[in-house]
Amino acid sequence: MWTLTLDTATPYLSLGLFRGEEGVGRVVRLGRRHEEALFGLLDELLREVGVEREEIGTLVLGEGPGSYTGLRIALAAGMGIALAYGAKVFGVSSLLAACWPFLEEGGPPLTALFTAINGLHYGATYARREGKPLVLEPPRKLKAQEVSRAQLQGSHLLLDAPPDPRALYELLPFARDGVEPLYL
């Protein structure tokens with residue numbers, strides 16, 4: 001069985017199809033047009049890997065935080081696919097999926113930030129310990145002044161990086177069973 005990863009919480013559509021070391025992921029900047037490209041890109045990935053939709057056994061969906069409509073697109077599409085094919089659904093923080101590829105084992109913390117409206121950011125601080133994600137600061141809204149404080153406290157900053165499709169897959173062992181969208 002294959003795992004489909006999907007996140008639309010940011011201006012990027014992050015989509016991947018993985019099984020063990022096999023697989024492929026795509027990240028496309030679409031602004032607010034995720035729904036226009038989602039299923040076309042999914043069909044491209046399925047053809048590229050040589051997989052039928054019925055072979056999707058697991059979905060890992062980005063839970064946000066992010067745009068209200070963006071979150072709903074991934075969750076609705078993912079839940080529909082899961083229902084149609086009897087697949088299991090798991091949720092992962094979109095912020096964690098953005099910073100996971102940059103976290104070094106035992107390395108410094110990383111604060112991932114997504115730009116929100118009105119000069120605010122969604123942010124969370126993570127570290128990697130014993131191969132697992134460690135949440136140092138849970139997802140929250142931050143003002144510009146708070147972002148500066150995070151940097152001064154020894155955390156590196158990652159601004160507006162897209163959630164990584166392979167990271168969503170790699171985070172499956174730590175994922176929430178089911179999904180719970182994070183609206184801040």
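The charged end of arginine 128 sits over the ring of tryptophan 100, at 3.6 Å from the ring centre. The model is predicted. Tryptophan 100 is buried, and its relative accessible area is 4%.

Aromatic pairs were searched for across the whole structure, and 3 were found. In one of them, the ring centres of tyrosine 68 and tyrosine 183 are 4.9 Å apart. Their planes meet at 45°, so this pair is tilted; edge-to-face would need an angle over 60 degrees. Tyrosine 68 belongs to helix 2 (residues 68-85), whereas tyrosine 183 lies in the segment after strand 10 (176-177). The pair therefore ties together parts that are 115 residues apart in sequence. Tyrosine 68 is partly exposed, with a relative accessible area of 48%. Tyrosine 183 is also partly exposed, at 38%.

Tryptophan 100 takes part in an aromatic pair as well, with phenylalanine 174. This pair is tilted, with 6.5 Å between centres and 55° between planes. Tryptophan 100 is in the loop between helix 3 (94-99) and strand 6 (110-115). Phenylalanine 174 is in the loop between helix 5 (165-170) and strand 10. Parts 74 residues apart in sequence are thus tied together by the pair. Phenylalanine 174 is partly exposed, with a relative accessible area of 36%, while tryptophan 100 is buried.

Helix 1 covers residues 34-49. At 1.5 Å a residue, its 16 residues should span 22 Å. The end C-alpha atoms are 22 Å apart, which agrees with that expectation. The buried residues of helix 1 are His34, Leu38, Leu41, Leu42, Leu45 and Leu46. An α-helix has 3.6 residues a turn, so residues three or four places apart point the same way. The cover over the buried residues of helix 1 includes strand 1 (2-7), strand 2 (12-19), strand 3 (22-29) and strand 4 (56-62). Helix 2 also contributes to this cover. Just after helix 1, glycine 50 adopts a positive phi of about 80°.

Most residues other than glycine have a negative phi, and most peptide bonds are trans. The peptide bond from glycine 64 to proline 65 is cis, with omega near 10°. Proline 65 is located in the loop between strand 4 and helix 2. Asparagine 118 has a positive phi, near 60°. Asparagine 118 sits in the loop between strand 6 and strand 7 (121-129) and is exposed, with a relative accessible area of 72%. For glutamate 130, phi is positive and near 55°. Glutamate 130 is placed in the loop between strand 7 and strand 8 (132-142). It is exposed, with a relative accessible area of 70%.

Overall, the protein has 5 helices and 10 strands. A compact globule of 184 residues would have a radius of gyration near 16 Å; the protein has 16 Å, which agrees. Along the principal axes, the C-alpha atoms fill a box of roughly 50 × 35 × 25 Å. Of the 184 residues, 48% count as buried. Among contacts between residues at least 6 apart in sequence, 64% join residues at least 24 apart. The protein exposes about 9000 Å², and carbon and sulfur atoms supply 52% of that area.

Conventions
Residues numbered from 1 in each chain as written. Predicted model: local features only at pLDDT ≥ 70, side-chain atom pairs only at ≥ 80, totals over all residues. Heavy atoms only, no water. Phe/Tyr/Trp six-rings, centres within 6.5 Å; stacked < 30°, edge-to-face > 60°. Helix = DSSP H or I, 4+ residues; strand = E, 2+ residues; numbered from the N terminus. Buried < 20%, exposed > 50% of the residue type's maximum accessible area, 1.4 Å probe, protein only. Lys NZ or Arg CZ within 6 Å of the ring centre and 35° of its normal. Expected span 1.5 Å × (residues − 1). Contact = heavy atoms within 4.5 Å. Rg over C-alpha atoms; globule rule 2.2 N^0.38 Å. Areas by Shrake-Rupley, 256 points an atom, 1.4 Å probe, with all protein chains shown as cover.
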